[in-house]
Amino acid sequence: MIRNEMIGKISKASKEYDFIIIGGGATGIGIALEASARGYSVILLEKSDFTKSTSSKSTKLVHGGVRYLAQGNIGLVREALTERGLLVKNAPHLVKNLTFIIPTHGFFDELQYTIGLTLYDLLAGKLSLGRSRWLSKSKTVKRISTINPKKISAGVEYHDGQFDDTRLAINTLQTAASLGAVVLNYCDVKGLVKNSTGKVSGVKFIDQETGKEHEIKGKQVVNATGVFADDVLKMDSPNAEKTIAPSQGVHLMLDKSFLPGDDAIMIPKTDDGRVLFLVPWHNKVVVGTTDTPIKKESLEPIALEEEIEFILNTAARYLTKAPVRSDVLSVFAGLRPLAASKDNESKTKEISRSHKIFESESGLLTMVGGKWTTYRKMGEDLVDRAEKNQGWAHIQTKTKNLRIHGYKENVDHSNPLYFYGSDEEGVLEIAKKEGMKEYISTTLEVMNAQVVWAVKYEMARTVEDFLARRTRCQILDAKESIKMAPQVAKIMAKELGKDNEWQLTQVEDYKRVTSNYIL
């Protein structure tokens, strides 16, 4: 996955790709994996960095969706639970089984959640991660030492998956690249190319690093731009109807002392009916999320004051150690690309999380909705549809049992390099060189060698790429990550052949963006 080589492939060849995928988030990445695994020629173009927007701002859960079960959406839950099981098998270095405890308030709660979560287990079938069970109040308090015993009657335990979203993205892109896909960040699609019959036959894009414009041909162009899907639809047809109803989800990052054990907490009923998770992750605690309708899409959405207060107040109600603003290590917001309903008054938490495919008159395929858990199935459905549209012979999916790059079983999660999986050996090889084993941050346990690895093999092009998405420093501890930026810039400049001015600009750019992550 070397950027210069991939740009070189485009410049040299005037080939027609089977698939041109616009968008490098979960949706586009899942499609690239599926199409390349079936043997199709694929190019994926992302205007910023991979997963820069929504796909790096998730709750870090691979789950069926307990609340969709409560809404009676059995099909969506069953599909997601199947995909959860496949992800645990195909990327065990990134996806793990996590135990959740729901604090209950009286007999009816205990009965309702025990029965509901037993159904949740049954829907997973052979891919179940473990059985749910009722826990007494004393066992619940023992398991979650910081829970307020005055606020609960007992607890119900169930199992779901947890993952690192951007690391899964990078490893999936590496898998697709090994199957022949061309994947590029910082390539901004500026227009669609159409043939004499008005069908989309390619795209024009600008390589933002060089400013050079490219035009490429493709049989099937796919709009997988998430919350920005309507922008591409307007390139195709200026009068295109709105397909996206964006909803903002905010998370806070807290110190591990707020949830010292290995169990997560799921609070199913909050003041406004939203679900709140407190989840141990990378030796910190992620708390969220919110569900706020947003009018305008943004690459860097900013948490609203009322969202921050809602999370802090809800967490405080259940914990003996109540978090306050000064405890927040980082706050991050993402926009969900929910498929718009005709009823604009519909609450976003009730708008469909299931994915939808729209076909334009020009032949452009647009995928909206969905979530990380089902990204593989989304890719499968989109490629099936493209085969049908193009009149190609159907090829069976090849991704159900496809191991993702970095595959490694039984990783030790206390190892700060665990998320590299089988690539850890390569990182440690670089660390043998002089000065490369030194830590950039001892608290976040990130060393110089990881920067070199990210530039050489993971297409990291900016300081933000490394601190936000190749590692997770930005959302784990925003202030600490700003301290790391100058050293990261220095190492990257050497690898990329950049000067001091580039380093200074990179550090300032990173400080500006990351200031929004600090309360």
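How many nonpolar, polar and charged residues are in the lining of the largest cavity? Let's take a tour and find out.

**Before you start.** This is a predicted model, where local features need pLDDT of at least 70, side-chain atom pairs count only at pLDDT 80 or more, and totals for chains, interfaces and linings use all residues. Residues are numbered from 1 along each chain as its sequence is written, and side-chain values use heavy atoms, with hydrogens and water left out.

Stop 1: Rolling a probe the size of a water molecule over the atoms shows where empty space is left. Here a cavity is a set of points on a 1 Å grid over the protein atoms alone where a 1.4 Å probe fits but cannot get out, and its lining residues have an atom within 4 Å of a point. Two cavities of 30 Å³ or more turn up in the whole structure. Select L33, E83, L86, L87, N90, T373, Y375, R376, T399, L402 and I404 to see the lining of the largest one. About 80 Å³ of space lies inside, a volume being the space filled by probe spheres set on the points.

Here is the reply to the opening question: six residues of this lining are nonpolar, three are polar and two are charged. Now colour α4 (74-90) and α10 (375-390), which each supply at least two lining residues. With four residues, α4 gives the most. Helices are DSSP runs of H or I with at least four residues, strands are runs of E with at least two, and both are numbered from the N terminus.

**Stop 2: the second largest cavity.** Next, select K57, E300, P301, I302, A303, V331, F332, A333, N516 and Y517, which line a cavity of about 50 Å³. Seven of these lining residues are nonpolar, one is polar and two are charged.

**Stop 3: helix α8.** Move to residues 229-236 and pick out A229, D230, V232, L233 and D236, which are buried (under 20% relative accessible area, with a 1.4 Å probe and protein chains only). They cover an arc of only 160° around the axis, so they sit on the same side of α8; the arc is taken from the directions from the helix axis to the C-beta atoms. Show their partners too: β1 (16-22), β8 (187-194), β9 (200-207), β10 (213-223), β11 (244-255) and β18 (365-368).

**Stop 4: L304.** Finish in the loop between β15 (292-293) and α9 (305-318), where L304 lies. Leaving aside residues up to four places away in sequence, L304 touches Q248 and T292, with contact meaning heavy atoms within 4.5 Å.

Definitions and conventions: 1 Å grid on protein atoms, 1.4 Å probe; cavity = no way out; pocket = protein on both sides within 12 Å on 5 of 7 lines; lining within 4 Å. Nonpolar A, V, L, I, M, F, W, Y, C, P; charged D, E, K, R; others polar. Buried < 20%, exposed > 50% of the residue type's maximum accessible area, 1.4 Å probe, protein only.
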